[in-house]
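Please look through the sequence and the model of this protein before reading on. Some questions with worked answers come after it.

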Amino acid sequence: QDVIVGKGPMVQDRKKVRVAYVLRAKQRYGKILDSSNDFGFRLGRGEVIEGWDIGVQGMRLGGKRYLIVPPEAGYGNKNVGGGPGATLFFEVTVVAC
C-alpha cells in the first residue's frame with residue numbers, strides 16, 4: 001500500500017536501491033524488530049527477501065509504502081523476532097535509486 005507516492009525517478013530492476021525501513025511484528029504499529037535509515041540492495045537480484053523484491057517494484061524516489069509480507073515471501077518458519085512463520089510488516093521509504 002502506497003502511503004506517499006514519490007515524485008523522483010522510478011526504481012530500476014537489477015539496479016541499486018537505497019531505502020529506509022522499519023520492520024514490525026504482528027501489526028503495522030506493533031513492536032519494532034529492526035530498522036535502518038540507509039539499507040542498499042539491487043532490486044530483483046534475490047539479495048533481499050522476495051517480499052521486498054516484489055513490494056519495492058514501481059516505487060519512486062521519496063515514496064513510502066507499507067509491505068505486508070507473508071512467511072512464504074519472507075523468512076519462512078525462521079524466527080526473526082515475531083515468532084516462527086510470522087507475517088512481517090514493513091514501512092519502506094526509497095531514499096536513493
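The questions below go from the overall fold to the pairing of strands.

Q: In what order do the elements of the protein run from the N terminus on?
A: This is a predicted model, and its secondary structure comes to 1 helix and 5 strands. Read from the N terminus on, the elements run β-β-β-α-β-β.

Q: Why can the protein be called as compact as a globular protein of that length?
A: The globule rule gives 13 Å for 97 residues, and the protein is close to this value, so it is as compact as a globular protein of that length. The C-alpha trace spans about 35 × 25 × 20 Å along its principal axes.

Q: What percentage of the 97 residues in the protein is buried?
A: A residue counts as buried when its relative accessible area is under 20%. By that cut-off, the buried part of the 97 residues is 36%.

Q: Over how many bridges do strand β2 and strand β5 pair?
A: Strand β2 covers residues 16-25 and strand β5 covers residues 88-96, and the two pair in the antiparallel sense. Within this pairing, valine 19 has valine 94 in β5 as its bridge partner. The number of bridges between β2 and β5 is 8.

Methods: Residues numbered from 1 in each chain as written. Predicted model: local features only at pLDDT ≥ 70, side-chain atom pairs only at ≥ 80, totals over all residues. Heavy atoms only, no water. Helix = DSSP H or I, 4+ residues; strand = E, 2+ residues; numbered from the N terminus. Rg over C-alpha atoms; globule rule 2.2 N^0.38 Å. Buried < 20%, exposed > 50% of the residue type's maximum accessible area, 1.4 Å probe, protein only. Pairing = 2+ DSSP bridges.
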